[in-house]
Amino acid sequence: MQPHIERIDVSTEELEGLLEQARPMLSEDGYQKLRAAIRTLGYVTGLLEKQATTLASLRELLCPASTEKTEAVLKQAGIETGDKERKAPKEPAGKSAPSSGHGRNGAAAYRGAQKVRVPHESLKAGDPCPDAECGGKVYAQRDPGVLVRVKGQAPIAATVYELEKLRCHLCGKVFTASAPEGTGEKKYDESAAAMMALLRYGSGFPWNRLEDLEENLGIPLPAATQCQIMAETAVPLQPALEELMRQAAHGEVVHNDDTSMRVLSLDRDADLSADRTGVFTSGIVWIVGERRIALFFTGCKHAGENLAAMLTRRPEGLSPPIQMCDALSRNVPKLDATLLANCNAHSRRNFVKVTPSFPEECRFVLETLGEVYGYDEQARVQGLSPDERLDFHQEHSGPVMDKLRTWSNVQFEERRAEPNSGLGQAISYLLRHWEKLTLFLRVAGAPIDNNLVERALKKAILHRRNSLFYKTRNGARMGDLFMSLIHTCELNRANSFDYLTELLRHADQLKQSPAEWMPWNYRETLARLATPAAA
């Protein structure tokens, strides 16, 4: 029998006030945990006051699954999968799977490390061999020996130049030493601004956390100063974002989705329509040839509306792009300008949620979709072209998906699943969106899921979890700009810190010709600019 709990009416503000009184007796970790618990209680209480909130949504919020891997999901449902291996097609002649490594990073993995060339202390190419009995000559080898040494340093470092001063004892004039070459004119140079942007919008580092870290390292960096530097830095970078948007509009494939966000100035606006009170960050990832461009938009518009605005930039004459999103109507632009595909990961997730209640049925679905994902991974590893990938999926994944569709129809025809049950709803979703879920079997280049943009949205979610909100519209636009540049660099394997630094150092050239300063070609532009000086 549950013990009776006396009801006490208390607000979240009162609880936080009590927590502040007890703060001196708590460790910092304990204080943060209790504050998070109080805020969670307030948030859940607010949800329970809404009639639309269900126990299922609360369970998903408070007890999220730690993994959605088929083996783990089935194990939690009490089903042992054993060591059953998925059948795979034979590798094409001349193509073999990469061998597994030892898990340690080699010297080549340190792409951002400073490289120091160390000549031999006593020999050079062409010298006689030190072994007197040999009589040969030494020559340089292509691959040098390598040593990797890693050291720590402050994220934002500072150098204090003490300029000697001399004063004439007769005239009183003071003569100060000149600053060394390369010190620059700015207190915070371009690399400092780039690192702040990378920490804030690339890694979710709040202003106050960086302020505390730098203070502990003996380098004052107030949060207000960081914010001011970012606001000033965003202005010269705007042409790069505009050029990314222009080039993205030429893409063949686009992924889009959104996540909730909070902007205080928008929350307080009285001119928002009654049916649109939410604020969102939309993530849109375009695939343009071999390049991928990530764009973020924060405001009251949904992902479909932001995509529609992007499509107005698309040149006439281009065929409609393939759009990958989940089945929510707000992700689809109102104008019929895309070839729509739906996400199989979202469909699969419906079965993951009900696996504890319908283990055997969900096992069939999860393992069937797992086989299709296995084929898609093989196509990626083999580097198949879009047309080759389409043929590959039609040959191997087509029969598997047909088997899944037949099984799904049988569940209803033979009344094995109740349409209103969790399993029935998952099957209904699968059948209702079948044509869009299987577009990858009919159109070359169509993706199988929307994971690309969901990974991109983790940037916004990380920022939301650490900083909770943007204060103003301008702050939200600034975050969108930096996240777009940083994640586009990551998608194209460019060094985002180096990229932002060079854009700020060459702001005038960026403004004149932004197309030459994209993450995939800015190094060539820098080399071209350096050539006349070297000559």
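Reply: Contact means heavy atoms within 4.5 Å. With that in hand, let's start at Gln247: leaving aside its neighbours within four places in sequence, Gln247 is in contact with Val288, Arg291, Ile293, Ala515, Met518 and Trp520.

Two notes on reading this. This is a predicted model, in which local features need pLDDT of at least 70 and side-chain atom pairs count only at pLDDT 80 or more, while totals for chains, interfaces and linings use all residues. Residues are numbered from 1 along each chain as its sequence is written, and side-chain values use heavy atoms, with hydrogens and water left out.

Gln247 itself sits in helix H7 (residues 223-248); helices (H or I, at least four residues) and strands (E, at least two) are DSSP runs, numbered from the N terminus. Is Gln247 buried or exposed? Its relative accessible area is 15%, so it is buried; buried means under 20%, exposed over 50%, and partly exposed in between, with a 1.4 Å probe and protein chains only. The side chain of Gln247 also makes a polar contact, at 2.8 Å, with that of Glu243. A polar contact is a pair of N or O atoms within 3.5 Å; within protein, one must be able to donate a hydrogen and the other to accept it, and residues adjacent in sequence count only if both atoms are side-chain atoms.

Five strands make up an open sheet with mixed pairing, in the order E5-E4-E3-E6-E7; two strands pair if DSSP finds at least two bridges between them. E5 and strand E7 (339-342) are the edge strands, each pairing on one side only. From one strand to the next, the twist averages 20 degrees.

Strand E4 (residues 280-288) is antiparallel to E5, and nine bridges join them. The hairpin of E4 and E5 has two residues between the strands, and Gly289 there takes a positive phi near 65 degrees. On its other pairing, E4 meets strand E3 (residues 253-260), again in the antiparallel sense, over eight bridges. Ser282 is a handy landmark: its bridge partner in E5 is Phe297, and Asp258 stands opposite Ser282 too. Although E5 is an edge strand, seven of the nine residues of E5 (residues 291-299) are buried, so E5 is largely enclosed by the rest of the structure.

What packs on this sheet? Helix H9 (residues 303-311) does, touching E3, E4, E5 and strand E6 (322-325), with its direction at about 45 degrees to that of E4. H15 packs on the sheet as well; it touches E3, E4 and E5, and its direction makes about 30 degrees with that of E3. Axes are lines fitted to C-alpha atoms, for helices over the stretch in contact, and angles run from 0 to 180 degrees between N-to-C directions.

Leu468 has a positive phi of about 75 degrees although it is not a glycine, and it is partly exposed, at 42% relative accessible area. For context, most residues other than glycine have a negative phi.

H16 then meets helix H5 (residues 190-202): their axes come within 9 Å and cross at roughly 100 degrees. The two are therefore roughly perpendicular, the word for angles of 65 to 115 degrees. H5 brings Ala197, Leu198, Tyr201 and Gly202 to the contact, and H16 brings Met478, Gly479, Phe482, Met483 and Ile486. By class, that contact has seven nonpolar, two polar and no charged residues; Ala, Val, Leu, Ile, Met, Phe, Trp, Tyr, Cys and Pro count as nonpolar, Asp, Glu, Lys and Arg as charged, and the others, Gly among them, as polar.

Asn495 caps the N-terminal end of H17, with a side-chain oxygen 3.1 Å from the backbone nitrogen of Phe497. Seven of the 10 residues of H17 are buried, so H17 is largely enclosed by the rest of the structure. Those buried residues are Ser496, Tyr499, Leu500, Thr501, Glu502, Leu503 and Leu504.

Note on methods: Parallel < 35°, antiparallel > 145°, perpendicular 65-115°, else oblique.
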